[in-house]
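Have the model open as you read along.

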Amino acid sequence: MSSMKISRRTVMAGAAATATAGSLAAPSTASAQQAQDTLRCVMHSDLKIVDPIWTTAYITRNHGYMIYDTLLAMDAKGEIQPQMLQGYTVSDDKLTYDFTLRDGLLWHDNQPVTAEDCVASIKRWGAKDALGQTVLTFVASMTANSPKTFQIKLKEPTGLLIFALGKPSSNVPFMMPKRVAETDPNTQISDFTGSGPFRMVREEWRPGDKTVYVKFDGYKPRSEPPSGLAGGKVAKVNRVEWRAIADQQQAVNALLAGEIDLIEAPNHDLLPLLKADRSIKIVDWNPLGNQYTMRFNHAVKPFDNPKVRQAVLYALNQEDFLKATIGDPEYYKVCKAMFVCGTPLATDAGWEDKLESNFAKSRQLLQEAGYNREPIVLLHSTDLQVLTNLAPVAKGLLERGGFVVDMQSMDWQTVVARRVKKDPPAQGGWNAMLTSWVSADILNPVMAGFFNASGDKAAFGWPNDPEMEALRQRFARAGTLAEQKSIAEAVQRRCAEFPTHVHLGQWYLPGATRPNVSGWIPAPAPIMWNIEKGRGA
């Protein structure tokens, strides 16, 4: 998997806009040096859930990259490199992997990172993550042989172990202290001790206001230059503040006025304003982009019926979602490839006649399925611009395709909390919700979480399809790219017959910074190491 060559989309760099000042002025008592040492950011969402194994929410993943570290990491070429590891060896029969930790790794409580911590962390991650679950089915044993070394023995070879331990996005296999990693994966952690380049200042964390991180002086970066999520993670500012500003216009005004330094995801309709101002830099930090997705709840009617889900595939089309949410075609792409256009596994197989808003076909399938016009409870996120318009578009298209839709509006964090409930829709449950995946999360059918069809062990939505699981297992055993392509095509065809979810197009969104901010590294997640802040501006 690490040999995949991904075509990259080049956006722009540099440019911007004028606007009146916002209301987020820095304290007048702050010295120039303090201001230079503090990076003030507005992220795409407020941080309320802080366990990156318990949830796939990207704001929590981003938090994870601030305070935790990983054994391996994906570089800018898509290749997996050692991170916390000094290195590893593989036996000739490809069944035994021996891992050695780097010297000098410390937790934020200044205790040494041990092999036992890593084994416990892999087990917790593997119990929750789709790719981790598959990989662990190949594992015969995991043992810590010394404080710095551990061994993984496989039952049979798989090419996915190293790729999995370097997985770039949700759920990321972050390392945690053994005492924390032994928390049930379905229970949120309450101890936020990490070993990453920053530590969280828990007493300053105020959901709805700000999250604060400070440089961890005990962190020992690798010697290599940073590349993607790999290489040296050098914290070049002493303090990072994530400011919670839900109003995007206010956030942009604050950036233009110099009251904040960075916006992770400015609204697409505000990009022309930012690009027109020469004091603002536009940064394409995620060249692979993202993919919109609708997820079905298979645990309750009517989406427990595959034919009802198939009707959705015929009712929807990607262009309507992309136009309503992104608007500018420069930042979106209609793409029927579930594993992302421009990648080795991209194919339209199975979807040639779908996602074309064939309402007659949708209504026909509903009639054949015996759909009784049960209301579809559709969760509508209202506070994230890149998601807000998705549910209204879905409601309109589904209704034209013969569905009755009950769209229920709430903020994104409420959606995240509600989507894990298996209660009937009338009792606080749900039937469908819309979200977005970073493209680096969905490059193959094992790592892409929504293809996991293992029932209660699957991600929210809980599809149960032994045929899909058999295909995913075959992919995990595949030894060549040709085999992987063939199996990925079969997975995509099966998803058209037994839909676990439906993909709604690719989209891209650059970030924006003040001119004195530099060093933002392109990666699947917005990472804060290597970013530095000069004087002025």
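## The largest cavity

Asp-69, Met-84, Gly-104, Leu-105, Leu-106, Ser-195, Phe-216, Gly-218, Tyr-219 and Lys-220 line the largest cavity. A cavity here is a set of points on a 1 Å grid over the protein atoms alone where a 1.4 Å probe fits but cannot get out, and lining residues have an atom within 4 Å of a point. Its volume is about 50 Å³, counted as the space filled by probe spheres set on the points. By class, five lining residues are nonpolar, three polar and two charged (Ala, Val, Leu, Ile, Met, Phe, Trp, Tyr, Cys and Pro count as nonpolar, Asp, Glu, Lys and Arg as charged, the others, Gly among them, as polar).

This is a predicted model: local features need pLDDT of at least 70 and side-chain atom pairs pLDDT 80 or more, while totals for chains, interfaces and linings use all residues. Residues are numbered from 1 along each chain as its sequence is written, and side-chain values use heavy atoms, without hydrogens and water.

## The second largest cavity

The model has four cavities of 30 Å³ or more. Six of its lining residues are nonpolar and three polar, with no charged ones.

## Two packed helices

Helix 9 (residues 306-315) packs against helix 16 (residues 481-497) at about 105°, with axes 8 Å apart. Helix 9 is therefore roughly perpendicular to helix 16 (angles of 65 to 115 degrees).

Terms used: Axes are lines fitted to C-alpha atoms, for helices over the stretch in contact, and angles run from 0 to 180 degrees between N-to-C directions. Helices (H or I, at least four residues) and strands (E, at least two) are DSSP runs, numbered from the N terminus. Angles under 35 degrees count as roughly parallel, over 145 as roughly antiparallel, 65 to 115 as roughly perpendicular and the rest as oblique. On a 1 Å grid over the protein atoms alone, a cavity is a set of points where a 1.4 Å probe fits but cannot get out, and a pocket is an open set with protein on both sides within 12 Å along at least five of seven lines; lining residues have an atom within 4 Å of a point.
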